[in-house]
Amino acid sequence: MSGPSFTMTTSAGQKVTVNGTGSTAVSAITTGENVLVLGTTDGTTITATQVIAQPNGDGGAAASAAAGVVPFHRGAPAVSKQVGRIPANYSEGAGTIVSGTTANKATEAALAAYPGGVVDRVVQLSSGEYEVHCIGVDWPHHIFVEQNFAVVGAE
């Protein structure tokens, strides 16, 4: 790592370049450290708005196991289950896509509870809660986060 960028390997094994912005402390990241990168992507480059070092150096495995997350395995059949509370009147595809600080906070909460996925969008539901849409994992695909950014359920 040098300068305002570094290269990392995602949980799916893809190498990407992370370019920091003014508020991102890229220089504080050390080689081999597990990180959560929030920002926008264009192919194999992420323009980071925030880079967060993950605790315990386990990539979130301890939190993942405690939350009952099904680990990602390429080619494994999908697991269909629900945990916690799914917002009333939830309908997949309904809601308004949000970005910026709100999306970052919802993403951070969701990935702290269910690490290992790639978030491709955050949607505010009619109830005011958020659906964090994860790809690249067997489960969960939708993580539900309250307005105070507490995770309440997943499916």
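## Salt bridges

Searching the whole structure, a predicted model, turns up 3 salt bridges.

Take Glu 129 and Arg 85, whose closest N and O atoms sit 2.7 Å apart. Glu 129 is in the loop between β7 (118–124) and β8, while Arg 85 is in the loop between β5 (83–84) and β6 (96–98), so this pair ties together parts 44 residues apart in sequence. Glu 129 counts as buried, at 9% relative accessibility, whereas Arg 85 is partly exposed at 36%.

Then there's Glu 146, which meets Arg 85 at 3.2 Å, N to O. Glu 146 belongs to the loop between β9 and β10, so its link to the β5–β6 loop joins parts that are 61 residues apart in sequence. Glu 146 is partly exposed, with 26% relative accessible area.

Asp 120 is partly exposed at 40%, and so is Arg 121 at 32%.

## Around β9

Strand β9 (residues 142–145) points His 142 and Phe 144 one way and Ile 143 and Val 145 the other, with all of them buried. In a regular strand, side chains alternate between the two faces of the sheet.

On one pairing, β9 runs antiparallel to β8 (residues 130–135) over 4 bridges, with Ile 143 partnering Val 132. The β8–β9 hairpin has 6 residues between its strands, and Gly 136 there takes a positive phi near 85°.

β9 also pairs antiparallel with β10 (residues 151–154) through 3 bridges; here Val 145 partners Val 151. This hairpin has 5 residues between the strands, and Phe 149 in the turn has a positive phi of about 70°.

How values were computed. Residues numbered from 1 in each chain as written. Predicted model: local features only at pLDDT ≥ 70, side-chain atom pairs only at ≥ 80, totals over all residues. Heavy atoms only, no water. Buried < 20%, exposed > 50% of the residue type's maximum accessible area, 1.4 Å probe, protein only. Helix = DSSP H or I, 4+ residues; strand = E, 2+ residues; numbered from the N terminus. Pairing = 2+ DSSP bridges. Salt bridge = Lys/Arg side-chain N within 4 Å of Asp/Glu carboxyl O.
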